[in-house]
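Have the structure open as you read.

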Amino acid sequence: MFFITRRALLVCAAAAACLPAFAADTAWPDKPVRLIVPYTPGGATDIVARLVAQKLADDTKWTFIVDNRAGGNGNIGMDVVAKAKPDGYTVGLGQTANLAINPTLFSKMPYDALKDLMPVSVVASQPVVLVVRADAPFKTLAELVAAAKAKPGEIRQALAGTGTLGHMAGEVLAKRAGFKVLNVPYKGAAPAITDLLGGQTDYMFATPQGALSMVKGGRLRALAVTSAKRLPVMPDVPTVAESYKGFEAVDWKALVVPAGTSADIVKKLNAAVDKALAKPATISQLLAEGSTPVGGTPEQAAQYIKAEHARWGAAVREAGVRPE
């Protein structure tokens, strides 16, 4: 009898020991959540991060603290997330560069994008826009390609940085269209656009945020966007896919947490993100800045990121791109 009672007590004690962990998950979050943005304030990723954080806070009353950790083409911030305690209080907004391009671009990475991070949701995607000076001789994508083929290696593409989505979109276009291009890398989009306007380069794949005001102001001409469908904010600008079937290059943003984070926390956060993304106000704000809300399950996010990791890895290897 004593043996049975003692065994029962041990079982109860073991069950009780599990209760705090379960309670911690169901009570999460009971303090502010740090949202790591691996780029500088004011950029495309930062804008989406702050928008989503605000919508989540409005809906759930959770507190998010945006922490910008720029550097290493987005690797520094993602490394902070990968090495954080997997308790749900550190999340990150990764993107195409640091989760799909960098793992092949850099010979040594501080984290494994597929093993050290758990996807929560692909929040939004955004294409880049192929722009030229307003007085450039190229009025269409076809004219730019024809000029590039006529003068192999002489048409100059401005890059906001080596290995950026704009860079890789340009490499894929050159391969699909069959021309050689001279890449001119800069340390950021601002100096790249400045030299494009000054005539030092011929074209650039810029973010909608960086290009839209100058296109509307008559300083730049948009020839194409790299999304599968035309952008609502640029309805008259054709897609590259209209000339080259299947072409797509988007800068997606994905909410990720450290590997080992409780599935309950991931599920709870995912549900809150999906709810926020479905709101008309969120959709209109994202569309207005050139992004498209995505959402979906953590499993769908993981499958998508894995596929993009393979696709862009192959593109980097084929183009022979190396960090400057």
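## Holes, pockets and a helix

The largest cavity holds about 40 Å³ of space. A cavity is, on a 1 Å grid over the protein atoms alone, a set of points where a 1.4 Å probe fits but cannot get out; a pocket is an open set with protein on both sides within 12 Å along at least five of seven lines, and lining residues have an atom within 4 Å of a point. Points are joined across faces, edges and corners, and a volume is the space filled by probe spheres set on them.

Keep in mind that this is a predicted model, where local features need pLDDT of at least 70 and side-chain atom pairs count only at pLDDT 80 or more, while totals for chains, interfaces and linings use all residues. Residues are numbered from 1 along each chain as its sequence is written, and side-chain values use heavy atoms, with hydrogens and water left out.

Searching the whole structure turns up 1 cavity of 30 Å³ or more. Its lining includes Leu35, Phe64 and Leu255, and helix H2 (residues 44–60) gives the largest share, 4 residues. Helices (H or I, at least four residues) and strands (E, at least two) are DSSP runs, numbered from the N terminus.

Now for the open spaces:

| Pocket | Volume | Lining by class |
|---|---|---|
| Largest pocket | About 1100 Å³ | 21 nonpolar, 19 polar, 3 charged residues |
| Second largest pocket | About 390 Å³ | 9 nonpolar, 2 polar, 7 charged residues |

Here Ala, Val, Leu, Ile, Met, Phe, Trp, Tyr, Cys and Pro count as nonpolar, Asp, Glu, Lys and Arg as charged, and the others, Gly among them, as polar.

In the second largest pocket, 18 residues form the lining, and Glu171, Val172, Lys175, Ala315 and Glu318 are the closest to its centre. Two elements, H6 and helix H11 (298–319), each give two or more residues to that lining, with H11 supplying the largest share, 6 residues.

So what about H6? With 13 residues (165–177) at 1.5 Å a residue, helix H6 should span 18 Å, and because its end C-alpha atoms are 18 Å apart, the two agree. (The expected span is 1.5 Å times one less than the number of residues.) H6 is mostly covered, with 10 of its 13 residues buried, meaning under 20% relative accessible area with a 1.4 Å probe, protein chains only. Among the buried ones are His167, Met168 and Glu171. After H6 comes Gly178, which has a positive phi near 80°.

Conventions:
Buried means under 20% relative accessible area, exposed over 50%, partly exposed in between (1.4 Å probe, protein chains only).
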